[in-house]
Amino acid sequence: MLKETLLKFLKLDGLVNNLTGYIETRIELMKYEVKEDMAKAMAKISILLFLALLFTFFLLFSSVAVAIKIGELMGNFVGFGIVAGFYLLVLSLILLLREPISKYFEKRLKDILTKN
């Protein structure tokens, strides 16, 4: 009661109402901006996942094709062994170099996130 009377006496009640409305509007605007940013991020993630799936299919079918071709040249299952050995070599290199690779991707992601 005293607070309301004092605000009316000093003619600050309209200012308080305007400030409250402004703060509520800013909060709603931030909510919409967050929703928009989340929608953009989800769209980018969806595209990246789809591209990763397509690349996986490409890698799988091209690996089978190379293995069959090597198998024709060297023997039945030798081609599949060579392709499997190649992937084992790549896996070993990634495991040995995982720290530098992780730091590189971390730096790239930080750069991308701070740029936007």
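Is Glu 28 buried, partly exposed or exposed? Glu 28 is partly exposed, because its relative accessibility is 37%, between the 20% and 50% cut-offs. The model is predicted.

## Salt bridges in the model

The count comes to five salt bridges.

## Glu 28 and Lys 31

Glu 28 has a salt bridge to Lys 31. Their closest N and O atoms are 3.5 Å apart. Both residues belong to helix 2, which covers residues 13–74. They sit three residues apart, about one turn of the helix.

Lys 31 has a relative accessibility of 45%, so this residue counts as partly exposed. Glu 28, at 37%, is also partly exposed.

## Glu 36 and Lys 40

Here the side chains of Glu 36 and Lys 40 meet in a salt bridge. The N to O distance is 3.6 Å. About one helical turn separates Glu 36 from Lys 40, because they are four residues apart in helix 2.

Glu 36 is partly exposed, with 46% relative accessibility. Lys 40 is partly exposed as well, at 49%.

## Lys 69 and Glu 72

Lys 69 pairs with Glu 72 in a salt bridge. The closest N and O atoms lie 3.6 Å apart. Both residues are in helix 2, with a spacing of three residues, about one turn of the helix.

What class does Glu 72 fall into at 57% relative accessibility? Glu 72 counts as exposed, because its value is over 50%.

Notes:
Residues numbered from 1 in each chain as written. Predicted model: local features only at pLDDT ≥ 70, side-chain atom pairs only at ≥ 80, totals over all residues. Heavy atoms only, no water. Salt bridge = Lys/Arg side-chain N within 4 Å of Asp/Glu carboxyl O. Helix = DSSP H or I, 4+ residues; strand = E, 2+ residues; numbered from the N terminus. Buried < 20%, exposed > 50% of the residue type's maximum accessible area, 1.4 Å probe, protein only.
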